[in-house]
Amino acid sequence: MNPLELTLGIMTAVGGFVDISELVFAAKAGSQFGYALIWVFAFSTIGIIVFSEMSGRVAAVAKQPVFNLMRHRLGLKLGLITLAASIVSNLITCAAELGGVSLILNYLTGAPYMLMAIVMTAALIASIWVLPFKWIERVYGLLGLFMIIFAAALIAIHPPWDKIAGGFVPQIPHGLSTKELLVFAYFVVAIISAVMFPYEVYFYSSGGIEEEWGLKDLLTNRITSIVGMGLGSLLGIAILSSSAQLFGPANVSPEIPGTAALEAAIPFGKWGLIVALLGMFFAVAGAAVETCLANAYSIAQFFGWIWGRHKKPWEAPRFTLTWVALFLLALAIVLTGVDVMVLVEFAILFSILVLPLTYLPLLLLSGDRKYMGQYVNGSTAKTLGWLYFGVITLAAIAALPLYFLTSGGNG
Amino acid sequence: MLRKPLLLALMVAGCSKGPQADLQYIEQARSLGAEWALVNEQASQGKLTKTYVSSMHEWLRDQLQSSATSLTQPNSRYGEEIRALLQQPDDALPEQLRVHSNALKQIEDQLESA
């Protein structure tokens, strides 16, 4: 285990953890329900750690990315349905990230939003084309560390730490009306979906194959998953907590993503605002790249094409054409003028529907001694894996009714 | 057994008109007014860049306009409050913006308790 590689891996995971959906829902959750939804963030983070570690282990031991498993474990018909659903889910998520990053660029430069969407698409395509895989991940992840300003801002506003600590205890706030309870339930589902986005596992496991992980990387995989994602999640919790402290009492329930940057501007002024916007920019741009590549990985792996960014673009032509086309499709969605917040809501909704089908084959294969040998799931991974599978299945069933009954969490 | 009530609830949520159906837009407009006030307050203390402030004004106004046009009862009291917000200049005093945001909050609370 190379300590430098491990540190960079952890820092990349921290900086790349928050995306546009987490940013939006953390800020809204804090303003509407105070600290009462912190436990959902913590709970979902354990879930994504469990499945990421599992997918990394499968990539290192069985050399199998997630979508290969899906086709074999779910069969062609159910596999195709899952592929189609995940393509839609990842495409909408990619469009939400692309819209988000264009908005942030608009706040930073004042240049027109639509123009920024076109410029960003070109820049993101160029960055994937030019950078080696490891550096695609690292450039965005490491620059996304500007997001740490949100944790510093929380400390600077002297929040009630006892209430924040209390938020880690699973709870439903007292005295909520039926309507408020439904909105609370919608937020629970939305945060689970935002933290456990399926693209994260597709990208993580395919990345393991790209970087040719082997048995020697198992410990790095485990530490990166636990420490990197655990610390990354604290940034989301910091955004939620600052929102509870600053926005809730001011009747603000952030309706546009740029409002979140005020959390850093209030204690630190202009430089705090700029650092926050830069952090948001790189974190969301990184998520746009990951969603697009995750989608292309899924399609290529399902159909057995040659894939991977470790190859020259022309050595994997169908894979290359797919990710470029997916970026252009995401751009086309943004150029229709659909609101970024609407895209975020749809991304959350479609993702939660895909989650059980994503994690079931992974759970089955990582528990199969024939493939995994002595690296098969232990009792902790098995118990947690099935517990979270049950939770995300329930969340997937509840998602659509809750979305309609609460008008997408708007009451 | 649960299918009928659920379908009914979904239909009601999707097709209803009047103040209850407008509640989500009232909530949006209340928050947008409060966000606008917060931006102007921080800008007056020199904590924000000019570019950020003008972009935020543009997006806040755009979203407020969208809330206003989505109302099923635009000539209601809340419709008037949203229009009053839209008539404010970009650099309106935070207190002035909060008057309208608070009025919308009161209407929202009344509708929620009804």
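This is a predicted model: local features need pLDDT of at least 70, side-chain atom pairs count only at pLDDT 80 or more; totals for chains, interfaces and linings use all residues.
Residues are numbered from 1 along each chain as its sequence is written, and chains are lettered from A in the order in which they are written. Local features need pLDDT of at least 70, side-chain atom pairs count only at pLDDT 80 or more, and totals for chains, interfaces and linings use all residues.

**Exercise 1.** Determine how H3(A) and H16(A) are oriented to each other.

*Solution.* 
Step 1. Helices are DSSP runs (H or I, at least four residues), numbered from the N terminus. Helix H3 of chain A covers residues 38-61, and helix H16 of chain A covers residues 379-405.
Step 2. Their axes, 10 Å apart, form an angle of about 120°. Axes are lines fitted to C-alpha atoms, for helices over the stretch in contact, and angles run from 0 to 180 degrees between N-to-C directions.
Step 3. Angles under 35 degrees count as roughly parallel, over 145 as roughly antiparallel, 65 to 115 as roughly perpendicular and the rest as oblique. H3(A) and H16(A) are therefore oblique.

**Exercise 2.** Identify the residues with which H3(A) meets H16(A).

*Solution.* 
Step 1. Two residues are in contact if their C-beta atoms, placed from the backbone, lie within 7 Å.
Step 2. H3(A) contributes Gly47(A), Val50(A) and Met54(A), while H16(A) contributes Ala381(A), Leu384(A), Gly385(A) and Tyr388(A).

**Exercise 3.** State how many residues of chain A touch chain B, and which helix supplies the largest share.

*Solution.* 
Step 1. Contact joins 29 residues of chain A to 30 residues of chain B.
Step 2. On the chain A side, H12(A) gives the largest share, seven residues.

Notes:
Helices (H or I, at least four residues) and strands (E, at least two) are DSSP runs, numbered from the N terminus.
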